[in-house]
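Subject: Structure handover

Hello,

Here is the structure we talked about. Please open it first, then read my notes below.

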Amino acid sequence: MTSFKAYQIEQDDSGKAFGHMTRLTPDQLDEGEVTIRVHYSSVNYKDALAATGKGKIIRRFPCVGGIDMAGEVTESADPRFKPGDKVIATSFDIGVAHHGGYAELARVPGRWVVPLPAGLDLQAAMALGTAGFTAALGIVRMEDNGLAPENGPVVVTGATGGVGGLAIDMLSQRGYHVVALTGKDTEEDYLRMLGAAEVKLTSTIDLEKVRALDTGIWAGAVDNVGGPILHWVLAHMKQAGTVASIGNAASFKLDTTVFPFILRGVSLLGVDSGYMGFPTRQRVWDRLATDLKPRHLAEVTRVIDFDALPGCFDDFIGGRVKGRTVVKIAA
Ligand SMILES: NC(=O)c1ccc[n+]([C@@H]2O[C@H](COP(=O)([O-])OP(=O)(O)OC[C@H]3O[C@@H](n4cnc5c(N)ncnc54)[C@H](OP(=O)(O)O)[C@@H]3O)[C@@H](O)[C@H]2O)c1
């Protein structure tokens, strides 16, 4: 391949990031042991922040965007991989400080690469992507800290998002009573289809008047939004409840009290998919291909062509997106 198509993020004179389609040559790839012909990538909230410059995500300009990729190895200096192997590479510096998945060709360090588990194809791997990996990691962390279906309901915030929808599906198939919290009043049927037993609208909560500690409702919580909603979630946790703090789609701030922690033994668990290493990374991917594999992956996923990528980011920033977006790069 003498040149290949890529969506590259650069900085304008004022320092603002912007993305555009371009062509690169293989000698412009970053260092790494494994070269991958990328078949699919995906769009996560973080990708939209990076591409639009709405968040300071990119740490090295120029940088090909896309924190997720799945494809076939074309060259490898890592003995674990050989040409033709199907692989997944997500997280670490990918699409942030190392050329990412929005390119027909990528080269990454071998320690960032996961063999595609049996039970997933490359498109399904990207329908999961960082969103699915993170939802699964949150559930693993909560269950490691005592969460079980008999403890009580689990609330999922930012429910119609990529992480939220996949978390609902995974939790409900494991027997949890899942309550979906959403800002969208049009998506009740969708959320019930995924497995939510109840759907609650954010507009029904008075976020100005959240008490430090209120009736204990939730045994577990997957929080994708942060801010006052996370404060509300914490105030309603049951004794020994577990909360997976995943995202900040509403706010990165958290103004709360210590009461849930010291009076109810609640655990606030941080979830960082980016730098979770092996063997946990492989274990979570293996579970995503088996017992945590969402039942409705196809229904939550839309597939877009590479050329449609630049036009899709604003809907993520505006909170208008539902489910997962897979980008067909060079399938
Ligand atoms: N910790 C990690 O390793 C990790 C990994 C992946 C993602 N994340 C973070 O997790 C969050 C979700 O990621 P995602 O890929 O699922 O994003 P997404 O697909 O864009 O979904 C985010 C959802 O949050 C809700 N939302 C958006 N803007 C909001 C606002 N201003 N106020 C309240 N709710 C709002 C919306 O759901 P409703 O309309 O249904 O409420 C939206 O669909 C993001 O903050 C992302 O950066 C973290």
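The protein chain is divided into domain 1 (4-116 + 296-328) and domain 2 (131-270). These domain bounds come from an automatic or database domain assignment. In the contact, domain 1 supplies 11 residues and domain 2 supplies 14 residues. Two residues are in contact if their C-beta atoms, placed from the backbone, lie within 7 Å. The side of domain 1 that touches domain 2 has 3 nonpolar, 5 polar and 3 charged residues. For these classes, Ala, Val, Leu, Ile, Met, Phe, Trp, Tyr, Cys and Pro count as nonpolar, Asp, Glu, Lys and Arg as charged, and the others, Gly among them, as polar. The centres of domain 1 and domain 2, taken over C-alpha atoms, are 29 Å apart.

Two notes before you go on. This is a predicted model: local features need pLDDT of at least 70, side-chain atom pairs count only at pLDDT 80 or more, and totals for chains, interfaces and linings use all residues. Residues are numbered from 1 along each chain as its sequence is written.

**The ligand**

The ligand is surrounded by 30 residues. A residue is near a molecule or strand if its C-beta atom, placed from the backbone, lies within 6 Å of it. The closest are G158, G161, G247, A250 and G319. Helix 1 (45-52), helix 2 (122-144) and helix 3 (162-173) are the elements that give two or more residues to this shell. Helices (H or I, at least four residues) and strands (E, at least two) are DSSP runs, numbered from the N terminus. By class, the shell has 11 nonpolar, 16 polar and 3 charged residues. Domain 1 and domain 2 each give at least three residues to the shell around the ligand.

An open sheet is formed by 6 strands in the order 11-10-9-12-13-14, with parallel pairing. Two strands pair if DSSP finds at least two bridges between them. Strand 11 (198-201) and strand 14 (267-270) are the edge strands, and each pairs on one side only. On average, neighbouring strands of this sheet are turned by 20° against each other, direction ignored. Strand 12 (residues 218-223) pairs with strand 13 (residues 237-245) in the parallel sense, over 5 bridges. D223 stands opposite S245 in strand 13.

Helix 2 packs on this sheet and touches strand 12, strand 13 and strand 14. The direction of helix 2 makes about 150° with that of strand 13. Axes are lines fitted to C-alpha atoms, for helices over the stretch in contact, and angles run from 0 to 180 degrees between N-to-C directions. Helix 3 lies across strand 9 (154-157), strand 10 (178-182) and strand 12. Helix 3 runs at about 160° to strand 9.

**Helix 2 and helix 7**

How do these two helices cross? The axes of helix 2 and helix 7 (residues 280-288) come within 10 Å and cross at roughly 100°. Helix 2 and helix 7 are therefore roughly perpendicular to each other. Angles under 35 degrees count as roughly parallel, over 145 as roughly antiparallel, 65 to 115 as roughly perpendicular and the rest as oblique. Helix 2 brings L128, G132, F133, A136, L137 and V140 to the contact, and helix 7 brings V284, W285, R287 and L288. By class, this contact has 8 nonpolar, 1 polar and 1 charged residues.

Another open sheet has 3 strands in the order 2-1-4, with antiparallel pairing. Strand 2 (17-24) and strand 4 (63-64) are its edge strands, and each pairs on one side only. Strand 1 and strand 2 run antiparallel and are joined by 8 bridges. F4 stands opposite L24 in strand 2. These two strands form a hairpin with 5 residues between them. G15 in the turn has a positive phi of about 95°. Strand 1 (residues 4-11) is also joined to strand 4 by 2 bridges, again antiparallel. I9 has C63 of strand 4 as its bridge partner, and Q8 stands opposite V64.

**Backbone details**

F61 and P62 are joined by a cis peptide bond, with omega about -15°. P62 sits in the loop between helix 1 and strand 4. A cis peptide bond also joins F278 and P279, with omega about 5°. P279 is in the loop between strand 14 and helix 7. F92 is not a glycine, yet has a positive phi of about 50°. F92 is found in the loop between strand 6 (86-90) and strand 7 (105-108).

Best wishes
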